[in-house]
Each structure stands twice: as C-alpha cells, then as structure tokens.
Amino acid sequence: MPAPLDPARPYRLSPGVALRPEPFGALAYHFGNRRLSFLKAPELVHLVVELDQYASVHQALAGVSERHRDAFRRALATLAAADMIIPQ
Amino acid sequence: MTDTREAAPVPALVEQFKGGLHAPICLTWEWTYACNLSCVHCLSSSGRRDPAELSTDEIRSVIDELQRLQVFYVNVGGGEPTVRPDFWELLDYAIAHQVGVKFSTNGLRLTRERARRLAATDYVDVQISLDGATREVNDAVRGRGSYDMAVRAMENLAAAGLAGFKVSVVMTRQNVAQLDDFAALADRYGAQLRITRLRPSGRGADVWDDLHPTAHQQRELYAWLLGHGEKVLTGDSFFHLNALGSDPLPGLNLCGAGRVVCLIDPVGDVYACPFAIHDAFKAGNVRTPGGFERVWRDSELFAELRRPASGGACSGCSAYDACQGGCMAAKFFTGLPLDGPDPECVKGHGVTALAATDRSAPPPQGNDHSHRTVPLGMPAVRTHRPDRFCDVSPLAGADLGGARAVPDERGTS
C-alpha cells in the first residue's frame with residue numbers, strides 16, 4: 001500500500017503510468033499494478049502532468065482555481081493511493 | 001468494464017462515456033471460431049475455424065494499432081483461443097507491445113508447464129469458463145469432460161502460483177443456487193469469481209427460454225451481488241437488475257456497446273459488443289483501409305449508438321434511470337424492439353412484451369460456426385462437397401461407398 005498523499009512533498013506521475021487523452025480528460029493506466037483511473041477534467045490532466053514542476057503538492061494546487069481545488073486535492077489523494085503519482 | 005480495479009466513475013463521467021471515447025476501454029477480441037467444445041449457449045456459435053480468420057501477421061498488425069491507440073488491455077476469447085497454433089506467440093507479442101491480455105479458456109491447453117510459464121509472465125490474466133459448481137450442472141451445458149478439464153486447469157494455475165486468475169460463470173436457471181459454491185470454489189484456488197448474464201445470442205438463442213434465470217432467481221442474484229459485489233466481477237452485465245432496489249450494483253450501469261466496448265471477431269469484423277455478432281451491429285472490418293481506428297471513430301453504427309437515446313417505451317417507467325432499458329443484444333435476439341424493455345425487465349414489462357412477440361421467427365443469428373453434428377452427437381464426416389442434386393434426390397450423384405455429408409442442424413452454414 002502506498003503511503004497517503006503528503007501535500008507538503010513534491011510528487012510526480014509514476015513512470016509506469018500512461019495517460020490516454022479522452023474528451024472528459026484522460027485515462028490513466030498503470031502498467032505495474034494494472035489499475036485504470038479516470039482523470040475527469042482537462043485541468044486535472046494538466047495538473048498531474050506538470051506536478052513534478054512544483055516543490056510540493058500544496059504549491060501545485062495553489063495555481064488551481066478555487067472552485068476546483070478541493071476536488072483536485074481529493075483526486076490527487078486517490079491517485080497517490082493507487083500509486084499513479086509518487087513522491088519525488 | 002470488467003474489473004473492480006477500475007475506479008468507479010462518477011455519474012457525470014457515465015454521461016461522458018455515452019458520447020464515446022477515442023478508443024475502447026474494454027475490447028473483446030476473438031481469435032478463432034474453432035473450439036473443442038460445443039457449449040449449448042455459445043454466444044458466438046463457435047465450433048469450426050473460419051477459413052478467413054486473421055493470420056498471425058494480421059493479428060500482429062492489429063496489436064500494433066491497439067498499442068498506438070493506447071488500448072491497454074484486451075479480452076481475448078473465441079472459440080477456444082488456445083487452439084490457434086500461434087496463440088502463445090501472439091500472447092507474447094501483445095504483452096511486448098504494451099497490450100495486456102486477459103484470455104478466456106475452457107482449460108484445454110493449460111498444462112502444468114504452461115501454467116508455470118504463464119505465472120512467470122507479467123501482464124497476462126487467465127479466465128477459466130465454468131458453468132456449474134458441480135460436474136453434473138456444468139457438463140449439461142458445456143459438454144461431457146469439460147468440468148474435469150476446467151478443474152485440472154485451475155489446479156495447474158494454482159499450483160504454479162498464478163494467483164487471482166478468474167473463474168467465469170454464465171448464470172443459468174441451473175446454477176443460481178450454486179453462487180456460494182462458486183465463490184468457495186474460486187477461493188479454493190486463490191481465484192476471483194466472475195459471473196455474467198446469459199444472453200440469447202448465438203446458440204444461446206436456442207436455450208435461452210429454458211436456461212435464463214426466473215424472476216425469483218433474478219431477485220436472489222441481485223441480493224447476492226449486493227452482499228458480495230465488491231469481491232465479484234460481473235462485466236457490468238447485471239445492470240438491468242438495478243431496478244430491483246435503491247442500491248445500485250457496482251459498475252458503470254450503462255450499455256457500453258460502441259461507446260466503451262466493442263468486439264473484433266476472428267475474421268476481423270468489428271461489432272458493437274461481444275453479444276451482438278449480427279449484421280445489424282457490424283460496424284466494419286479491421287482489414288479495410290484505416291483499420292480498426294477508422295471503424296471505431298467513423299462508423300455510422302457507432303455514431304448512432306453514441307447519440308443520446310430516448311427511453312422509448314420505457315421512458316415513462318420509474319425504473320428507467322436505474323436500468324437504462326437493459327441489454328441491447330438481449331432485446332434484439334428475443335425479437336423485442338431496441339427502445340423497449342429488456343426481456344428480463346424486473347418490472348415484468350419484458351414478459352409482457354415477449355408474449356406479444358412472434359417468438360417463432362426471432363432474428364436469424366449471425367455467422368454460425370457450430371460443429372456439424374447429427375442429433376446423436378456424432379460428428380459428421382465430410383469427405384467431399386455435397387452433391388447439389390441431393391436437393392432433388394437423396395441418392396442422386398452420391399458416392400455410396402463414402403460417408404455422406406449431413407446438413408448442419410441449424411441449417412445456415
């Protein structure tokens with residue numbers, strides 16, 4: 001079991017994950033654990049792809065519009081639990 | 001959508017799915033119509049290989065295309081896919097090209113040695129078909145010896161340490177009562193149980209009236225799934241039961257045909273779903289220019305399936321939101337209109353609709369590849385093409401020294 005998301009740390013998309021663009025956002029597929037996740041907004045896809053540019057998840061989320069922020073934080077926690085995003 | 005490892009989407013996402021995706025999520029791909037068995041409910045009427053089946057090179061090139069489309073895994077079936085001499089080679093090819101494979105088998109080729117090799121292969125999943133928790137119930141549907149063959153395969157997989165393989169059961173009137181036994185059996189081998197709905201597709205049309213679960217059994221099934229749903233895979237096939245209660249079953253609750261699901265058959269024809277091998281649901285062929293991708297993106301049929309559907313005759317029903325009108329293939333092959341109730345509608349509307357339908361003339365099934373057998377179950381031996389004059393006189397032109405071809409009892413091939 002991966003550790004829960006620690007927003008104070010920097011994260012990145014796992015190298016074992018492929019993103020497939022879709023009208024709603026993207027499918028994320030983990031070739032290691034074979035999990036499939038749905039990134040349900042294009043802005044979330046952007047955030048996940050750019051995640052490694054930030055010093056922490058907090059910082060990455062600071063750039064997200066307020067109406068999306070809570071939902072995206074929960075989405076990142078889910079992705080961390082599935083090992084889709086990993087601490088750097 | 002067959003796996004619990006897939007995250008449960010929110011309703012808004014289901015709405016998105018209705019409009020279709022860039023590529024399927026759940027692609028079933030049958031590699032041959034040849035099969036060592038003759039299950040009475042075979043939804044692809046398999047038995048004999050089709051001479052036009054995709055070659056090794058053609059399958060490889062479709063795998064290349066699926067890799068490019070980021071179709072991350074496929075469900076390979078048949079027929080019995082492992083009877084293809086190139087099966088293991090193609091399996092390795094797919095895995096090497098980042099297209100994972102879950103293949104369905106009756107266990108025919110799963111020797112101890114093969115099980116060991118599979119256990120050492122990443123990215124492959126095995127699904128053993130079994131339709132009875134006892135030999136008696138299983139073999140009545142799948143044929144004599146098939147229970148023992150499946151059990152031997154499961155023993156070999158378990159001994160090789162391939163944990164989490166699937167045991168796949170089609171639910172019938174004879175085996176709903178065995179649900180707990182199936183779960184125990186899967187546990188015994190460290191496997192996961194998968195149960196799916198009996199469809200009146202292929203040879204299933206011939207036995208559906210006798211084998212589909214009764215209304216009482218449907219309620220039993222729904223209750224059992226609510227209690228065990230998280231552990232049991234269903235391929236989302238029971239969403240028509242959602243109208244039985246306020247708790248939706250886990251899964252998409254959506255007919256994915258042409259939206260997130262499709263089928264490539266052994267000759268490369270692309271159908272809207274694995275249960276709809278019929279011209280009415282054929283979207284194209286992977287051999288045509290543009291290949292699979294063009295069929296998936298541009299076919300008129302798929303465009304139609306992705307348009308918002310009205311509830312039709314069901315639109316006034318309080319349960320429509322829960323069941324979405326049920327299964328397209330189940331309606332079609334029982335002769336019901338596609339915008340009306342499912343034949344197994346839990347509100348009883350299907351029974352009423354069926355009573356008003358001429359069941360003597362259901363839609364003809366698609367390509368029939370059934371074994372040619374005479375009613376005694378003896379294989380017919382065809383030594384030469386039947387003489388056309390047989391139509392006039394049974395003896396005209398016959399070589400009386402040789403075996404005579406016996407017409408296929410289904411009469412379509």
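The model is a predicted one. Between chain A and chain B about 1,900 Å² of area is buried, and the rule finds one salt bridge across that interface. The structure also holds six cavities of 30 Å³ or more, and its largest pocket contains about 610 Å³ of space.

**Interface of chain A and chain B**

- The size of an interface is often expressed as the accessible area that is lost when the parts come together. Here that area is about 1,900 Å², and carbon and sulfur atoms give 64% of it.
- On the side of chain A, the residues that lose the most area to chain B are Arg20(A), Arg34(A) and Phe38(A), which together account for 36% of what that side buries.
- Five residue pairs are found in polar contact across the interface, with both residues of each pair at pLDDT 80 or more.

**Salt bridges**

- Side chains of opposite charge can pair when their charged atoms come close. Over all chains, the count by this rule comes to 18 salt bridges.
- The one salt bridge found across the interface of chain A and chain B joins the side chains of Arg34(A) and Asp125(B), at 3.9 Å from N to O. Arg34(A) is also among the residues of chain A that lose the most area to chain B.
- Within chain A, the side chains of Asp70(A) and Arg73(A) form a salt bridge, at 3.0 Å from N to O. Both residues belong to helix H3 (residues 66-81) of chain A, where they stand three residues apart, about one turn of the helix.

**Pocket and cavities**

- Empty space left among the atoms is shown by rolling a probe the size of a water molecule over them.
- The largest pocket, with about 610 Å³ of space, has a lining of 24 residues. Those nearest its centre are Arg259(B), Leu305(B), Ala309(B), Met328(B) and Leu338(B).
- Helix H11 (300-306) and helix H13 (328-333) of chain B are the elements that give two or more residues to the lining of the largest pocket. The largest share comes from H11(B), with three residues.
- The lining of the largest pocket divides into twelve nonpolar, six polar and six charged residues.
- The second largest cavity holds about 110 Å³ of space. Its lining has 15 residues, and the closest to the centre are Cys314(B), Cys323(B), Gly325(B), Pro341(B) and Cys345(B).
- By class, the lining of the second largest cavity comprises nine nonpolar, four polar and two charged residues.

**Backbone features of chain B**

- The peptide bond from Gly78(B) to Gly79(B) is cis, and its omega is near 20°. Gly79(B) is located in the loop between strand S2 (73-77) and helix H3 (87-96) of chain B.
- Gln98(B), a residue other than glycine, has a positive phi, near 60°. Gln98(B) is situated in the loop between H3 and strand S3 (100-105) of chain B.

Notes:
Residues are numbered from 1 along each chain as its sequence is written. Chains are lettered from A and ligands numbered from 1 in the order in which they are written. This is a predicted model: local features need pLDDT of at least 70, side-chain atom pairs count only at pLDDT 80 or more; totals for chains, interfaces and linings use all residues. Side-chain values use heavy atoms; hydrogens and water are left out. Buried area is the accessible area (1.4 Å probe) that two parts lose on being put together, summed over both. A salt bridge is a side-chain nitrogen of Lys or Arg within 4 Å of a carboxyl oxygen of Asp or Glu. A polar contact is a pair of N or O atoms within 3.5 Å; within protein, one must be able to donate a hydrogen and the other to accept it, and residues adjacent in sequence count only if both atoms are side-chain atoms. On a 1 Å grid over the protein atoms alone, a cavity is a set of points where a 1.4 Å probe fits but cannot get out, and a pocket is an open set with protein on both sides within 12 Å along at least five of seven lines; lining residues have an atom within 4 Å of a point. Grid points are joined across faces, edges and corners, and a volume is the space filled by probe spheres set on the points. Ala, Val, Leu, Ile, Met, Phe, Trp, Tyr, Cys and Pro count as nonpolar, Asp, Glu, Lys and Arg as charged, and the others, Gly among them, as polar. Helices (H or I, at least four residues) and strands (E, at least two) are DSSP runs, numbered from the N terminus.
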